[in-house]
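Please consider the following protein model together with its sequence. The explanation below is intended to be read with both in view.

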Amino acid sequence: MGAKRKSNPGSGEKKAKSLRTELAHITRITDWDTYCSEISDGPQLLRPYHLAWRRITMASTSTRRSPHCFNLLRQHQVLERAGATSEASEVWEGAASVARAFSIGKHEAGAILNLTKKVSDGARQALQESVRSRGMRPFLTHETISRDIFNLAFSSGVGQLEAWSGPLTNKEDDAIVSLLISRMAVDWDRTSPSMRKPWGYKDVLNLHAATGGFLHFMGVLKEKVPPAEFAKHETNLMEQFNLGVLDPDVIHALECSVPPGNLESVGFLRAVAHEIENRQVREIEERDRELAERVNTATLEQIKAKVASDMAILKEHVPSKEKDAAEAALDIKYTLVLVDATIFPANAVQLKNVFDVMALVLNMGPQNIAHVQMPILHTNTTTSAVLKHRRHVEDSILGKSLDMNHSLALNFAKPNDGNSSDKRRLIQHCLAVVGDSKASPWTPPSVVGPVPLIRVADVLGYDADSRPGATARAEQKGLAVHSTILEAYVDGIDLKEHDHILFFDILPNRHCEFGRALVQKRIAGHWGKMHYLGLVQKSQKDAITALEEQVYVAWDAGPKSPPKQRARNAASVPKLTALLFQNGRPKFPDALVSKFPQSAPQHQEVLKLKAELDALWPPEPRGPQSRTTESTPESVRAVGRPDLTGVDYLDVSREVDLAKIPESEFQEEKQLSCHVQF
């Protein structure tokens, strides 16, 4: 492995002889022994170099018939192989120095400089092959090569095509230059010999733009079509491009669009673009159709599964005489319509609707009956108004062809601890209305009472600041009165084991006392088969809330109600030194927060401590109810927010522009004042 390879003297002699022969052929010099020493394996061939270089140039320029840049390029390549060009590198610094060194024109000097330094190997070889077979002077001018059109990084995107400078730039892959040289050769060969002319710079520049644009749009086409289809289009379009028929369309597309462009802007690709678009539309439609088909299939399977499940359920509910009889026994059999017109409604439309609904229910069957409480006289109305209102109620009932022959009286008693100034009426006239009295199973009462009225102090809405008026006192009679009325009607009908009664309150009073009475009975465990349905106004939302509260309170207090919260073990109160422990949770004292001024750094540290406590034990959100634990059985101060719904309060953002009166307009004399401090 360590042995050196022995040099063969004969191989050096063979190399030297080969180079001598090639140089003698180029320079026509046969006396090389005068200027060359014995050649060994080293790179030195010419001694002295400058004289040999001068002899090469003189001999080559004096003997060639049609001098051009590729002859000099050939000489330069031979010298490079001989390793002699490094001693004259200053000659190739620019076109002017090359022109002076070789006594040639500026275009030829620029051409040889570009071919040597700036044109890629592939482009140079393609140009050499084209010139070798066609000749330099008939095929191409030196100016075309010298103006950088075949150089790397050259771009024909100038002027109107400046936006396309990127796609029209020569790159290292030589795609544009290779196709450009091929196209130049094809066009020159296709031209008649008598009409041929060498390619000039302007012609090649236009062809360069057309070539770059063609390759760019072919790349766009390649991204949009499958590889097999692109290969077919590429072959056809390349043939058309070599014939020159596509150049106008390409140049027009470059001038009328900006990168990346689109296929529709190119005339010869417009049909292909439409075909691609139509194919994409068809593919989308086909995908949508397949997706819709799959969705429909899945939907059908889901429907089948649901129907099968429903069918299994329906098999258990097939109608039969026994089931019909059992279900009929659970239906609402009787309806008692309640109309409380004690305070005659001011809304005529509402009153008309009330009697329309009452007539509709009563005409459904003889098992339904209506209880109508007629308007009553009080201090806020007159006798004539009450009589007028009663007549209106009677006319409305008669207009519906209903039977109101049965009347009853409500007999009230003043409370034992009532006030002597209580002027409420103790008798109220009522009507029991049916559709057909002969077929009705109801036996309505003739007199109800005497029943004690509610105390004025117990009237809902009564407090020391807001006492109910005469209308409210006449309207509210108390739950005992309404419960007695319902009991009187229920006692007048023969109820079976499974019979249910619906109390349909279509004109309840302000606080839905019939509904409250029924809820009170149900909570007490009575009237399990009685049901209440009331038609209330928006203004009676508080009455609905009160009914719900009755039910919730009774449920929470009942034996079947679960605890409101999971029972917890009573925890011992920790002994804290700085923090507080209130209502079963820690609290950061406000005194510590305000201990330091806000601008002091200590205040920020205190806030950090408070934040740590809040992160460890997040503060409970404030609400209308306070939470208590077993460790703090004492009462907690109530919290809440005022309800400002519908209240006009002061707008703090309003600007008040007070009138300004000049002091000079005051005519009063100024009074002196004194202040005496004892």
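The paragraphs that follow proceed from the overall composition to selected elements and residues.

The model is a predicted one. The protein contains 22 helices and nine strands, and 36% of its 678 residues count as buried. Among the contacts with a separation of 6 or more, 70% are made by residues 24 or more positions apart. Lys117 belongs to helix 5, residues 106-117. Its relative accessibility is 54%, and Lys117 therefore counts as exposed, the cut-off being over 50%.

Strand 6 pairs with strand 7 in the parallel sense, over five bridges. Within this arrangement, Ile501 stands opposite Met530 of strand 7.

Helix 19 comprises residues 513-523. Because eight of its eleven residues are buried, helix 19 is also largely enclosed by the rest of the structure. The buried residues are Glu513, Phe514, Gly515, Arg516, Ala517, Leu518, Val519 and Lys521. After the helix comes Gly525, which has a positive phi near 95 degrees.

Where does Gln540 lie? Gln540 is in the loop between strand 7 (530-534) and helix 20 (541-557). Despite this loop position, Gln540 has a relative accessibility of 6% and so counts as buried, the limit being under 20%. Its side chain reaches the backbone oxygen of Arg510 at 3.4 Å. When neighbours within four places in sequence are set aside, the contacts of Gln540 are with Pro508, Asn509, Arg510 and Cys512.

Which residues line the largest cavity? Its lining consists of Ile376, Leu377, Phe412, Arg424, Arg425, Leu453, Arg473, Ala474, Gln476 and Lys477. By class, the lining of the largest cavity divides into five nonpolar residues, one polar residue and four charged residues.

Several details of backbone geometry remain. The peptide bond from Pro259 to Pro260 is cis, with omega near 0 degrees. Pro260 is placed in the loop between helix 12 (247-256) and helix 13 (267-314). A cis peptide bond also joins Gly449 and Pro450, with omega about 5 degrees. Pro450, for its part, lies in strand 5, residues 447-452.

Positive phi values are found in residues other than glycine as well. Ala153 has a phi near 70 degrees and lies in the loop between helix 8 (142-146) and helix 9 (175-190). With a relative accessible area of 60%, Ala153 is exposed. Ser401 likewise has a positive phi, of about 60 degrees, although Ser401 is not a glycine. Ser401 occupies the loop between helix 16 (383-399) and strand 3 (403-413), and its relative accessibility of 63% means that Ser401 counts as exposed.

Note on methods. Residues are numbered from 1 along each chain as its sequence is written. This is a predicted model: local features need pLDDT of at least 70, side-chain atom pairs count only at pLDDT 80 or more; totals for chains, interfaces and linings use all residues. Side-chain values use heavy atoms; hydrogens and water are left out. Helices (H or I, at least four residues) and strands (E, at least two) are DSSP runs, numbered from the N terminus. Buried means under 20% relative accessible area, exposed over 50%, partly exposed in between (1.4 Å probe, protein chains only). A polar contact is a pair of N or O atoms within 3.5 Å; within protein, one must be able to donate a hydrogen and the other to accept it, and residues adjacent in sequence count only if both atoms are side-chain atoms. Contact means heavy atoms within 4.5 Å. On a 1 Å grid over the protein atoms alone, a cavity is a set of points where a 1.4 Å probe fits but cannot get out, and a pocket is an open set with protein on both sides within 12 Å along at least five of seven lines; lining residues have an atom within 4 Å of a point. Ala, Val, Leu, Ile, Met, Phe, Trp, Tyr, Cys and Pro count as nonpolar, Asp, Glu, Lys and Arg as charged, and the others, Gly among them, as polar. Two strands pair if DSSP finds at least two bridges between them.
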